[in-house]
Amino acid sequence: MKFFKIKPCHQGYLFILPCFIMLFLVLGFPALMAVVNSFTPIWAKKFTFTFDNYVKLMQDPVFWNSFRVSLLFVGGTVILHFLIGLVVALALNSQIRARKFFRVLALLPWTVPDVISGLVWRYMYNPTQGIINYLLMKSGLVDTYIEWLASPSLAMPSVILADVWRGYPFVMVILLAGLQAIPRQLYEAAEVDGASAIQSFWYITIPSLTRAIVVALALDTIWQFRRFGLIYTMTQGGPGHTTEIFSMLVYKQYFKFFNFEYASCIAVFMAIILFVVSLPYLKLIVMGSKGE
Amino acid sequence: MSKLKLKSTSVAYLVLGFICVYNLMPFMWMLSTSLKTLQESYAIPPTLWPRDLTLSAYSKVLVYGNFPLYFANSTIVALSTALFSTFIGLLAGYGFSRFFFKGKALLMGIILSSQMLPGVLLVGPYFKMLSAVGLYDTRTGLIIAFTTITLPFSTWMLKGFIDTVPVELDEAAMVDGCSRLRTFFSVIFPTIAPGMVATIIFAFLLAWGDLLWCLSLTTSESVATVTLGLTRLVTQFRIIWPELMAGSVVGALPPIALYLLLQNYLIEGLTRGAVKE
């Protein structure tokens, strides 16, 4: 009964209340705890404020290796997702038959859990029993068994290629939606004015697609930074530390070495990077919703 | 001109043909391996398609293994997550779409930026919290965690859908004497059903596919999910590939089936924010 006595202008708070209670309990409070932990030295029994963990972090070669590996993984996958996604989106947007069939098929890998895609690709990469070496040898391209996941130099490219299979379809779907929203008349007008296909691509397609590109790249970057199941099932960060992306490193620090404080410190660092990377996206979305 | 069009169409077919092979090859390999005998899966060179078709891997996994249990756990967790997160997200989305209040922009900013928090930042402290309240190693603990992770996206997606419903509909209902809550349930709820379907699938896919939280927040076999069960089949010394692939096929089926049945809703929900504000 009390609900209806609340002033109408305050009813909005009631609707968003459950959401914020959950967010605070499961995201806000743990995030705060992680930040506090990250300033607490490992030897301390209760909270003490020092920069010990951060100093240690800056001098830790394993951390810097992970930093480099994460950038390589995120950069490599996001760029490939984008390029393949764009090509496939353009193909799907052209005048072809059975477009619906191809679209359904193109997004299919994205629905598979990354754990499963990691396992399947791990077996495909198997040097002697896997299908990839078999096909390569049968076609005469290579004549020895390649150790895709066990070789330090090939492990990262192999993991990236496996991720591309599952990751590009999402980017493709966003870009395709952007392409479909471009009015046909724009292209017709350009054609009348004698523009070439490449010119209309550069001067019509790309500018009209800006919003879709920003959204796709930002969401993809955020998700790729958090990718865990794929690496966990394929390499667990190995061989050595060559595929040890941040999420893998933090997980190991938490649950393998039980360095909660140090793990929090790495995770906080990772969160800051993520936030900075996603600023353009946040800006675009918040500006967009203000304009309404 | 038509020559150019013909050329670009054939390039499109070429690209799509290649994509078909690329996208389907891992599925074929998964299926083919799951139908092989153990000896054949160790064959060098490998066989593309099983010489002796057998369902023994499936029977091992489904009858003698714990897979029915994993499957039930994943279903309970993912379904509850999807429903809770959509319901709470719907309430919040309605609040953001229909009311003006102090700090609205800030609160929306918080919702959006909470998506950026990486899971590994939260699992450690969350693990301690769950242990303290006795929810560690329970499905409830997982459901609460997943609901919250999907909540920002659900809220945002549903706010977008509610924005497309004219405010006049709400007002008409309220003039007729409906309360806010009644309006919400009898006007908004049915009108944005497609949006809710999209959000439900999205949250379901996310919860079904997660590994990090399952790995960090559960230990016992009785609450293990499909993804966790699969990683436990991988031991350091020996991997029984046919069984692992049979488990993967089973684990991939629900998301694929959901997607195939409801893909139009899902795609509409995913792409809405990218096309218009």
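This is a predicted model: local features need pLDDT of at least 70, side-chain atom pairs count only at pLDDT 80 or more; totals for chains, interfaces and linings use all residues.

Author: With a radius of gyration of 23 Å, chain B sits well over the 19 Å that the globule rule gives for 277 residues, so it is more spread out than a compact globule. If you follow the C-alpha trace along its principal axes, chain B spans about 75 × 70 × 35 Å. Of its 277 residues, 49% are buried. Take the contacts in chain B with a separation of 6 or more: 76% of them come from residues 24 or more positions apart.

Now for a pair of helices. Look at α4 of chain B, residues 67–98, and α10 of chain B, residues 193–209: they pack at an angle of about 140°, and their axes are 8 Å apart. Angles over 145 degrees would count as roughly antiparallel, and this pair is therefore oblique instead. As for handedness, α4(B) and α10(B) make a right-handed crossing.

Who touches whom here? On the α4(B) side you'll find S74(B), V77(B), A78(B), L79(B), T81(B), A82(B), L83(B), S85(B), T86(B), G89(B) and L90(B), and they meet M196(B), T199(B), I200(B), A203(B), F204(B), A207(B) and W208(B) of α10(B). Sorted by class, that contact has 12 nonpolar and 6 polar residues, with no charged ones. Some of the numbering makes sense if you recall that an α-helix has 3.6 residues a turn, so residues three or four places apart point the same way.

Another helix to pick out is α12 of chain B, residues 226–233. This one is mostly covered, with 6 of its 8 residues buried. The buried ones in α12(B) are V226(B), T227(B), L228(B), G229(B), L230(B) and L233(B).

Finally, chain B has a neighbour. In the contact between the two chains, 82 residues of chain B meet 86 residues of chain A. On the chain A side, helix α1 of chain A (residues 8–38) gives the most, with 17 residues. The residues on that side of chain A divide into 64 nonpolar, 19 polar and 3 charged.

Definitions and conventions
Residues are numbered from 1 along each chain as its sequence is written. Chains are lettered from A and ligands numbered from 1 in the order in which they are written. A residue is buried if 20 or more other C-beta atoms lie within 10 Å of its own, exposed if 12 or fewer, and partly exposed in between; C-beta atoms are placed from the backbone. Helices (H or I, at least four residues) and strands (E, at least two) are DSSP runs, numbered from the N terminus. The radius of gyration is taken over C-alpha atoms; the globule rule is 2.2 Å times the number of residues to the power 0.38. Two residues are in contact if their C-beta atoms, placed from the backbone, lie within 7 Å. Axes are lines fitted to C-alpha atoms, for helices over the stretch in contact, and angles run from 0 to 180 degrees between N-to-C directions. Angles under 35 degrees count as roughly parallel, over 145 as roughly antiparallel, 65 to 115 as roughly perpendicular and the rest as oblique. A crossing is left-handed if the near helix is turned anticlockwise from the far one by less than a right angle, and right-handed if clockwise. Ala, Val, Leu, Ile, Met, Phe, Trp, Tyr, Cys and Pro count as nonpolar, Asp, Glu, Lys and Arg as charged, and the others, Gly among them, as polar.
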